[in-house]
Amino acid sequence: MKNSILFIVPYPYNTAPSQRLKFEQYYASFQQKGYTITQTPFMDDKLWNIVYKRNYLFLKAWYTILAYGKRYLLLFKIHKFDIVYIHLWGTPFGLPIYEWLLRKHSKKIIYDIDDLIYKGASSPNNKFMRIFKSGSKVNFLMKYADNVLVSTDKLLEYAKGLTTKISVIPATIDVNKYIDHNKKESDVVVIGWSGSHTTSKYLHLLDNVLKEISSKHNIKIMVMGDTSFYIKGLNIQLIEWTENTEVNSLMQFDIGIHPLPDEEWVYGKSGGKLVQYMAAGIPIVASAIGPNFKVIKNGYNGFLVNDEKDWIDKLDLLVTDSTLRKTMGNNSRKNAVDFYSVEANLAKYLKAFDC
């Protein structure tokens, strides 16, 4: 299999943002360039559907054991591939034993990381698993990979302590899936947020802000990704995330919001949701923190804000000025096409493969 790439990833295809908004959307382009693509997730659909939910401990353990078995059987095929592309880890727990075996049997390893997973965090419903996680897998893969792909300054700084073979590639988007944001004018302005049940706690940072804006204007708040989100007294529309409806849902937003706390963990985030907002031609209001500075040009395609008053002032401005929303939305779309599209970043991946 000449120019064959094996993608060793945690999650099923087209499910997790860290894969969807990075390398998975390049598969067709890689194939056009002559590469053969094979992807093997650690989690199958059964484990993915319960892994971030409460309880199901026995099933989680059983499916994890099965996944480990498949991973070790995979070692017998590793030598057939020209490139082994590892996203986050080979196996999730313990010392880098499996990663050592991958290095031993692989011709070339590309390691892709887009989060501060070396901190050993777990989802709120799997907190007990933190004791089984460490940074040793990340450190090993960074040190011994033929190239390390990072997406933020924080990850770049960390990687430089372990290797000099680093490529910086941001979260990107297939802009062709999104049409220009030409939503029909309405008396109701939609303030939208996209995320998940694990990140919606950040949206609650704006409870007072959203109450204030709602008391002054005719707005609707659309929340995509957490169907249990609730703020008493507000006009909130909850949308379940699905692949088929994601783009259409985003296109309903008049304004996209992206609140973040000033915590170290968020400095490893690549801003994938912001890139989606831009591709949909949406003006953005976001916390003036870490990676948001990379994506948002303050006053051009959105606003970076520091406190509740700033949030209220900037949302107030966008809610009342449809011309400004349209101008900033057009700027968002242009920024996405010029800097965060597949077409703008394909060459970076191809160069990384040739390391």
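Two strands are taken to pair if DSSP finds at least two bridges between them. Helices (H or I, at least four residues) and strands (E, at least two) are DSSP runs, numbered from the N terminus. The model is predicted: local features need pLDDT of at least 70, side-chain atom pairs count only at pLDDT 80 or more, and totals for chains, interfaces and linings use all residues. Residues are numbered from 1 along each chain as its sequence is written, and side-chain values use heavy atoms, with hydrogens and water left out.

Strand β1 has two parallel partners. With strand β3 (residues 83-87), β1 pairs over 4 bridges in the parallel sense. Phe7 has Tyr85 as its bridge partner in β3. Strand β2 (residues 36-41) also runs parallel to β1, and 6 bridges join the two.

Burial was assigned by relative accessible area: buried is under 20%, exposed is over 50%, and partly exposed lies in between (1.4 Å probe, protein chains only). Strand β1 (residues 4-9) is largely enclosed by the rest of the structure, because 6 of its 6 residues are buried. In a regular strand the side chains alternate between the two faces of the sheet. In β1, Ser4, Leu6 and Ile8 point one way. Ile5, Phe7 and Val9 point the other way, and all of these residues are buried.

Ile113 lies in the loop between β4 (109-112) and α6 (136-144). Its relative accessible area is 0%, so Ile113 is buried. Contact means heavy atoms within 4.5 Å. Not counting residues up to four places away in sequence, Ile113 touches Lys22, Leu88, Val138, Met142, Leu149, Val150, Ser151 and Leu155. Ala159 is 46 residues from Ile113 in sequence, and the two are 9.8 Å apart in space, C-alpha to C-alpha.

Arg333 is found in helix α14 (residues 322-339). This residue is buried, with a relative accessible area of 17%. Polar contacts are pairs of N or O atoms within 3.5 Å; within protein, one must be able to donate a hydrogen and the other to accept it, and residues adjacent in sequence count only if both atoms are side-chain atoms. The Arg333 side chain makes such a contact with the backbone oxygen of Ala279 at 2.7 Å. It also reaches the backbone oxygen of Val175, at 3.2 Å.

Leu66 lies in helix α4 (residues 57-74). Leu66 is partly exposed, with a relative accessible area of 38%.
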